[in-house]
Amino acid sequence: MVCVGYVSESGLKRLAEWLDLMDPNGELLLLVGRPPRTWISLVKTDNAHAAYLLRSMQTKAAKLDRLLLERLAAHQRAGRLQVCLREPRHQIHAKLYLIQTASSPWKGLAGSSNLSESGLPQPGEFNQVLDAAAATQASHWLSRQWGALPSQRATGVWQALLAKTPPAQIPEAPFS
């Protein structure tokens with residue numbers, strides 16, 4: 001389970017790497033809790049969800065890595081990635097990274113790091129490892145936020161972003 005205020009493309013790359021390494025039967029829930037400042041209302045459409053993420057990342061779809069979007073879409077289709085976006089009036093600014101395996105209790109990290117290039121690895125961020133009891137408590141809080149009415153499932157967000165992203169340019173092979 002991951003709850004962040006916003007994501008960036010570099011954060012999405014990190015997310016895709018985690019998903020690639022995860023148990024094939026595992027599931028990652030991503031709750032993006034802080035909408036773009038210019039957003040008024042979150043409409044329940046894939047295109048609106050894509051626009052929400054693009055504005056949050058402060059980028060244009062044409063600049064996104066198409067192969068990354070295809071990886072994320074494949075993980076979502078396989079049921080390994082679920083995305084939820086938070087309504088502007090009920091934003092969440094928390095940063096939580098929680099994991100549970102079949103053989104261990106919840107483990108977690110809470111702090112100031114968003115899922116971005118300047119987030120997790122940077123020395124200016126403060127993060128605290130949560131013990132099993134605190135991580136379990138945080139997982140309950142995050143589960144309640146996930147299911148709350150101000151959160152919307154973004155089931156087609158990667159496909160909508162792919163539709164806005166130009167096809168990858170394949171370099172032509174030189175003639176022999």
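How many residues lie between β4 and β5 in the hairpin that they form? There are 2 residues between these strands. The structure is a predicted model, in which local features need pLDDT of at least 70 and side-chain atom pairs count only at pLDDT 80 or more, while totals for chains, interfaces and linings use all residues. Residues are numbered from 1 along each chain as its sequence is written, and side-chain values use heavy atoms, with hydrogens and water left out.

Strands here are DSSP runs (E, at least two residues), numbered from the N terminus, and two of them pair if DSSP finds at least two bridges between them.

| Pair | Residues | Sense | Bridges |
|---|---|---|---|
| β1 and β4 | 2-4 and 96-101 | antiparallel | 2 bridges |
| β4 and β5 | β5: 104-111 | antiparallel | 5 bridges |

Within these pairings, Val2 has Tyr97 of β4 as its bridge partner, and Leu96 stands opposite Ala110 in β5.

The strand β4 also belongs to the lining of the largest pocket, to which it gives the most, with 5 residues. A pocket is an open set of points on a 1 Å grid over the protein atoms alone, where a 1.4 Å probe fits, with protein on both sides within 12 Å along at least five of seven lines, and its lining residues have an atom within 4 Å of a point. The lining of the largest pocket has 18 residues, and Met22, Glu27, Leu98, Ile99 and Gln100 lie nearest the centre. Elements giving two or more residues to this lining are β2 (28-32), β4 and β5.

Terms used
Helices (H or I, at least four residues) and strands (E, at least two) are DSSP runs, numbered from the N terminus.
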